[in-house]
Amino acid sequence: MKKLAFAFMILLLAFTAAACGSAETSDTASKGKGSSDKQKIEYLGKTYEVKAPTDKLAITGSVESMEDAKLLDVHPAGAISFSGKFPDLFKDITDKSVSTGEKMQPNMEKILELQPDVILASTKFPEKTLKKLSSTAETIPVSHISSNWKDNMMLLAQLTGKEKKAKQIIADYEQDLKKTKTKINNKAKKSNALVIRIRQGNIYIYPEQVYFNSTLYGDLGLKAPAEVKAAKAQELISLEKLSQMNPDHIFVQFSDDENADKPDALKDLEKNPIWKSLKAVKENHVYVNTIDPLAQGGTAWSKIRFLQVAADKLTQD
């Protein structure tokens, strides 16, 4: 009887130890999954010490980062709202997001409540705003310059552990670019193409390496009009000036949010006799919002979409 009791006690102790070990292992694994170590990330010549990978990201001001998040399927804890809501363009990644404020108006209180590991801000923000954000969490001003599109996407990829996916996206774009250039060179190399943006009812053009121009002229190699080459920043042009330029193809971007005071600006433009006299209009080579009008133009997402559109539109009869 004593032998039986002794054996039972040993068996009981073994089960208890196994259970404790299992709980400890499970707890350690659970902690490991939810925690990240701080690491140094290099971005555009600066070093940032951040907790990564992380899903506790707050994006404010940088629509570029929102587009990168869409491409990488990153769901930030905090995201930019437009007129108080998340637009359709970003609905697939903002299902769990809290608004961090409007594009150039960060909501400091909401961002503070989020307690993010990292804040992705914009280089368009004044220094005062960046300092306020930095007091909340490690803040990285993301470039709004088109030529930094690869660095921007790799930054978000490093922060979220999606470097492999980002590198594949870049490689795919470069491969598709080669194919599209060949297609365009065979049919539309000498075409005169222009991207215009209607804001507050006015017509704007952009410098050669800004907005969608970075793909149209920079990547695809189409010749930029003299007016585009001369532009130093977003530049307003008259309809008469556009008539003088008289492009073969016109890509028109029109957002309701940017024309709230003149919602019929595009319709009015299309009724104008000068507009109707343009070569592109006569030949049905005007393309309105072929890409979402909120797109920034110089991001990976924008470039991929514009490349697809250009391959189709610039080679049609």
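This is a guided tour of a predicted model, stop by stop.

**Before you start**

Residue numbers run from 1 along each chain as its sequence is written. In this predicted model, local features need pLDDT of at least 70, side-chain atom pairs count only at pLDDT 80 or more, and totals for chains, interfaces and linings use all residues, while side-chain values use heavy atoms, with hydrogens and water left out.

**Whole chain**

The chain has 13 helices and 14 strands. Both are DSSP runs numbered from the N terminus: helices are H or I with at least four residues, strands are E with at least two.

Switch to a surface. The chain exposes about 16,800 Å², and carbon and sulfur atoms supply 52% of that. Accessible areas come from the Shrake-Rupley method with a 1.4 Å probe; for residues, only the protein chains shown count as cover. Of the 317 residues, 46% count as buried. Buried means under 20% relative accessible area, exposed over 50%, and partly exposed in between (1.4 Å probe, protein chains only).

Now consider contacts (heavy atoms within 4.5 Å). Among those between residues at least 6 apart in sequence, 60% join residues at least 24 apart.

**Helix H4**

Select residues 127-134, helix H4. Thr129, Leu130 and Leu133 are buried here. Seen down the axis of H4, these buried residues fall within an arc of 100°, so they line one face of the helix. The arc is that of the directions from the helix axis to the C-beta atoms. An α-helix has 3.6 residues a turn, so residues three or four places apart point the same way.

Turn to the other side of H4: Glu127, Lys128 and Lys131 are exposed.

**The largest pocket**

Select Glu64, Lys124, His144, Val210 and Gln296. Of the 19 residues lining the largest pocket, these lie nearest its centre. The elements that give two or more residues to this lining are helix H2 (63-72), helix H5 (149-160) and strand S10 (193-199). The pocket has a volume of about 310 Å³. Its lining has five nonpolar, eight polar and six charged residues. Ala, Val, Leu, Ile, Met, Phe, Trp, Tyr, Cys and Pro count as nonpolar, Asp, Glu, Lys and Arg as charged, and the others, Gly among them, as polar.

Pockets and cavities are found on a 1 Å grid over the protein atoms alone. A cavity is a set of points where a 1.4 Å probe fits but cannot get out; a pocket is an open set with protein on both sides within 12 Å along at least five of seven lines. Lining residues have an atom within 4 Å of a point. Grid points are joined across faces, edges and corners, and a volume is the space filled by probe spheres set on the points.

**The cavity**

Select Val195, Phe212, Phe251, Gln253, Thr290, Ile291 and Phe306. They line the largest cavity. The whole structure has one cavity of 30 Å³ or more. About 30 Å³ of space lies in the largest cavity. Its lining divides into five nonpolar, two polar and no charged residues.

Asn289 touches Val252, Gln253 and Phe254, not counting residues up to four places away in sequence. Asn289 lies in the loop between strand S14 (286-288) and helix H13 (300-313). Its relative accessible area is 28%, partly exposed. The C-alpha atoms of Asn289 and Val252 are separated by 6.1 Å, though 37 residues apart along the chain.

**Single residues**

- Thr180: go to helix H6 (residues 163-187). Thr180 is buried, at 8% relative accessibility. Leaving out residues up to four places away in sequence, Thr180 touches Leu220, Leu307 and Ala311.
- Leu44: look in the loop between strand S1 (38-43) and S2. Beyond four places in sequence, Leu44 contacts Ser143, Asn148 and Asp151.
- Pro53: the peptide bond from Ala52 to Pro53 is cis, with omega near 0°. Pro53 is in the loop between strand S2 (46-51) and strand S3 (57-59).
- Asp73: phi is near 60°, a positive value in a residue other than glycine. Find Asp73 in the loop between H2 and strand S4 (78-79).
- Gln200: phi is near 50°, also positive in a residue other than glycine. Gln200 sits in the loop between S10 and strand S11 (202-205).
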